[in-house]
Amino acid sequence: MAYKIDADACVGCGSCAAECPVECIKEKDGKFVINPDECLECGACAGACPVGAPALDA
Ligand code: SF4
Ligand code: SF4
């Protein structure tokens, strides 16, 4: 399991990437994407996001 960002909801602000303790969120084409192989499921990205785009990908 890992967190995943809803690309339709993401506005590309970068707040999630700034909070990620393992820096596994990278900008791609104006949106931000989580590398699921590095995600620790800490939830910091979800807490930082103004639009609720990151969520656990079941
Ligand atoms: S859940 Fe934590 S480790 Fe995973 S992408 Fe979000 S901030 Fe990074
Ligand atoms: S904090 Fe939310 S809106 Fe901002 S880049 Fe991350 S996922 Fe997108």
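**View 1. Overall size of the predicted protein.** A compact globule of 58 residues would have a radius of gyration near 10 Å, and the protein agrees because it comes to 10 Å (taken over C-alpha atoms; the globule rule is 2.2 Å times the number of residues to the power 0.38). Along the principal axes, the C-alpha atoms fill a box of roughly 25 × 20 × 20 Å. This is a predicted model, where local features need pLDDT of at least 70, side-chain atom pairs count only at pLDDT 80 or more, and totals for chains, interfaces and linings use all residues. Residues are numbered from 1 along each chain as its sequence is written, while chains are lettered from A and ligands numbered from 1 in the order in which they are written.

**View 2. The surroundings of ligand 1.** Here 15 residues surround the ligand, with C20, C39, C42, A44 and C45 the closest (C-beta atom, placed from the backbone, within 6 Å). By type, the shell has 12 nonpolar, 1 polar and 2 charged residues (Ala, Val, Leu, Ile, Met, Phe, Trp, Tyr, Cys and Pro are nonpolar; Asp, Glu, Lys and Arg charged; the others, Gly among them, polar).

**View 3. The surroundings of ligand 2.** This ligand has 14 residues around it, and the closest are C10, C13, C16, C49 and A53. Its shell splits into 11 nonpolar, 3 polar and no charged residues.
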